[in-house]
Amino acid sequence: MADLNKLGLAEARDALRKGDVTSVDLTEACLTEIEGAGALNAFVHNTPEIAREQAKAADARIKAGDAPDMCGLPIGIKDLFCTKGVPSQAGSRILEGFLPEYESTVSGNLLDAGAVMLGKLNMDEFAMGSSNETSVYGNAVNPWRRGNDEAALTPGGSSGGSASAVAADLCLAATGTDTGGSIRQPAAFTGITGIKPTYGRCSRWGVVAFASSLDQAGPMTKSVRDAAIMLETMCSHDPKDSTSADLPVPNFEAMLTGDIKGKKIGIPKEYRMDGMPDEIETLWTQGREMLADAGAEIVDISLPHTKYALPAYYVIAPAEASSNLARYDGVRYGHRAKLDQGDGITEMYEKTRAEGFGDEVKRRVMIGTYVLSAGFYDAYYNRARKVRTLIKKDFEDVFAQGIDAILTPATPSAAFGLGEASDDPVQMYLNDVFTVTVNMAGLPGIAVPAGTDAQGLPLGLQLIGRPWEEGDLLNTAYALEARAGFVAKPRKWW
């Protein structure tokens, strides 16, 4: 079989089971592709020797007939997941040289199932960013280009390396994390599928924390079926994570019938933003028509507190970041600044954090510290928490009316050029306008590629589901994917 790196998880799994291909072959094809893709800057810590050992073990396991679905499939792991003995920096200088002595639960689940780790993927520093421009490793680059324009585009953030690697066929799939849209926005920007499961469905243990009440891991894949396969392996109840849900994990792939007749799909009027590009509006309309064509009932709905989601998110997330990032002080692990004679512990904290954190992380830590400070706690943080409760209730009310899923755009635009928005933090934050409500309410959300803009760049649609009903959400996404028929790939320039 040629172009093994271009296979999806489902195709590769089936080929492995038939004996048409080996995990070693698949892994070597991906490693060769990674070597030639330095211009994308997607992989930042390569682990070829580990991958080859894991591939050999997977082949033996498949031969013995004891192979879960993910066995032998080469994937990339976002640098936010702690991987035993492999650098895990969260894209930050402050964690330079950190080699965890433990494996995150999610990456552990994948490796236990026989998945092959090709390496660690680029990301925004501590997952703070929407363009992968805050990384200590430099920018990850989108494999897509605008028409014949050679300008480098963002793959989105914070899981930009994951999105770029999957879209460019450097790996069959990758892990991502989503705090305000960091799986779904990059998936939309690169023409792949990305699902953020319900908060608590995937363990956060061993995932470097950004905002603990919002962070959630999920898969980034080449199709909805692949997302179902990988998500099932990533999910588990974990006693080490107090927010992990003790619920059985269904066979998500078995739920992909494509039959959504009689399902009610809500269209929220509040997502019609001022200045929304015509192409996004048109795509959204086409998405509604596709789902109606599949037999779903389209219902106009209202989520009245949507306009407060972004401001409330940018109070809660920085507050939690300020608290979580207090542990990086130069004392226990990671970077420590060189001190002058006479410097005390305060100077060590200050110099270490000044050197170790990038500008965006410092900005969010300062905002977070401010909103948590004595005089402002009630005015900002507590008020934002109350708004969050109202946003969650909006969704509960809609689902109580019998709505099965909600269709919205995934992003307010196609991928933009690197450097085009990095000078304006507020403009950058607006990238999350369609995605943050899902994190605030703890709901599952999936981005599915559904079309291209006038310059040939991919555009995605988002489906939001009921809590814990990822299987139903994936099935609706499967029906949308089938009708959208998105098969475009970036032309290879790297």
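**Exercise 1.** Work out how many bridges join strand β7 to β8, and how the two strands run.

*Solution.* Next, look across: Ile265 faces Ile298 of β8.

A note on what you are viewing: the model is predicted, so local features need pLDDT of at least 70 and side-chain atom pairs pLDDT 80 or more, while totals for chains, interfaces and linings use all residues. Residues are numbered from 1 along each chain, and side-chain values use heavy atoms, without hydrogens and water.

**Exercise 2.** Find the edge strands of the open sheet.

*Solution.* First, write the order of its 11 strands: β1-β3-β2-β4-β6-β5-β10-β11-β9-β7-β8, with mixed pairing. Then take the strands that pair on one side only: β1 (43-46) and β8 (297-301).

**Exercise 3.** Decide how helices α7 and α15 are oriented to each other.

*Solution.* Locate α7 (residues 224-234) and α15 (residues 470-484); helices are DSSP H or I runs of at least four residues. They pack at about 160°, with axes 9 Å apart. Axes are lines fitted to C-alpha atoms over the stretch in contact, and angles run from 0 to 180 degrees between N-to-C directions. The helices are therefore roughly antiparallel, a label for angles over 145 degrees. Finally, list contacts (heavy atoms within 4.5 Å): they include Leu231 of α7 and Leu474 of α15.

Terms used:
Pairing = 2+ DSSP bridges. Parallel < 35°, antiparallel > 145°, perpendicular 65-115°, else oblique.
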